[in-house]
Amino acid sequence: MMGNMTLGQSFSGCIGYCLEDKINLTEEEKLELSISENLQHKDRAEVIYYNNCFGTASELASQFNDVRKLNSRVEKPVLHISLRLAPGESLSKDQLVEIAQACAAEFKFDKNQYVCALHKDTREQHIHIVANRVGYDGKAVNLTNNYRRMANFCRQMEKKYNLREVLNPRKFLSKEQRLIPRQDMRKERLKTDIRDTLQHVTTYQEFERKMKSLGYAVLKGRGISFIDDKKVKIKGSEVGFSLSTIERILELRQKIELVPKEEKMRAKMIQEYQPRHGLTASQKLIEQTYMSAQFEQLQHSPFFKLQDELFKILFEPQQGEQQSQSLDPHWLMELKRKKKKKQRHRQ
């Protein structure tokens with residue numbers, strides 16, 4: 001889980017962004033994007049929790065502004081928090097509300113006005129919380145060490161809801177934890193998008209068109225790079241998909257497409273074979289022996305070899321690709337043990 005916190009001056013601007021559709025999209029564009037991306041761009045935000053407030057975006061802004069007047073010394077009364085899950089993870093609305101309430105308690109604005117909205121226009125499930133730093137008592141929420149506290153809060157929620165555990169920002173880690181290879185979620189997302197796309201296209205033109213529809217700019221030269229919606233550039237080779245790898249996958253996909261349909265169906269039947277019900281022991285043995293011979297024969301067929309090579313390139317770690325370590329306490333203990341051993345050798 002990734003958490004982000006910002007402060008601002010305008011409740012109407014922040015609440016409008018969190019509760020309304022993107023203003024740079026027309027109704028037609030919202031519909032087209034919703035269909036092509038299988039996401040929800042029309043009515044993208046759903047309010048899942050109100051705390052000491054209620055109403056439309058404009059009504060909420062008015063309510064928040066009334067309370068902010070209780071402390072005119074606070075220059076930035078708007079507290080905006082976003083909490084984003086890792087790709088492929090999802091929680092129920094009740095669980096997301098629990099996380100929002102836990103966040104409010106952690107940062108001491110649980111008695112203040114705040115609203116929580118779920119956004120549905122991105123693949124990663126995420127919520128936005130807009131809170132009034134000024135409480136009904138006129139006191140402002142203290143946000144000292146907010147970045148460290150947000151990082152620690154995310155780690156707590158990951159454990160509580162069995163989410164993928166990631167490391168805190170490097171400056172918040174112990175010396176031992178800094179030795180653990182980090183998992184770059186941005187690169188993981190790109191890697192997944194490239195892999196998923198390559199399983200459904202057979203030409204480079206189709207591949208590039210699909211990647212652009214997912215929000216990437218594609219730069220092709222002697223190699224290939226991708227620029228995501230945050231303007232971050234990543235080389236394909238950094239995620240195991242260099243230009244030569246992508247071209248080889250497309251070549252294999254084209255060859256597989258040329259295999260006769262009957263041969264594909266036969267291979268699928270052999271690979272998915274399950275013993276029939278109602279057979280005697282001897283009949284089962286005869287059938288299994290026959291199917292084993294068929295499978296052995298299939299393994300030597302050109303079609304099987306194409307499939308096998310394609311699977312290995314798509315799903316097995318590429319040479320030189322860094323593999324991240326999970327946050328296993330035994331891993332930390334091992335790092336400490338090795339460090340002490342080195343220190344003893346130096347002495």
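Colour the model by pLDDT, the predictor's confidence in each residue, from 0 to 100. The mean pLDDT of the protein is 85, and 85% of its residues reach 70 or more. This is a predicted model, in which local features need pLDDT of at least 70 and side-chain atom pairs count only at pLDDT 80 or more, while totals for chains, interfaces and linings use all residues. Residues are numbered from 1 along each chain as its sequence is written, and side-chain values use heavy atoms, with hydrogens and water left out.

Next, select residues 261-271, helix α9, and residues 281-299, helix α10. Helices here are DSSP runs (H or I, at least four residues), numbered from the N terminus. The two axes come within 10 Å and cross at roughly 130°. That makes α9 oblique to α10; angles under 35 degrees count as roughly parallel, over 145 as roughly antiparallel, 65 to 115 as roughly perpendicular and the rest as oblique. Axes are lines fitted to C-alpha atoms, for helices over the stretch in contact, and angles run from 0 to 180 degrees between N-to-C directions.

Show the side chains where the helices meet. R266, A267, I270 and Q271 in α9 meet M291, Q294, F295, Q297 and L298 in α10, contact being heavy atoms within 4.5 Å.

Stay in α10 and pick E287. E287 counts as buried because its relative accessibility is 14% (buried means under 20% relative accessible area, exposed over 50%, partly exposed in between, with a 1.4 Å probe and protein chains only). Beyond neighbours within four places in sequence, E287 is in contact with Y273, P275, R276 and L279.

Last, select residues 319-330, where pLDDT stays under 50. Where pLDDT is low, the predicted coordinates should not be read in detail.

Definitions and conventions. Helices (H or I, at least four residues) and strands (E, at least two) are DSSP runs, numbered from the N terminus.
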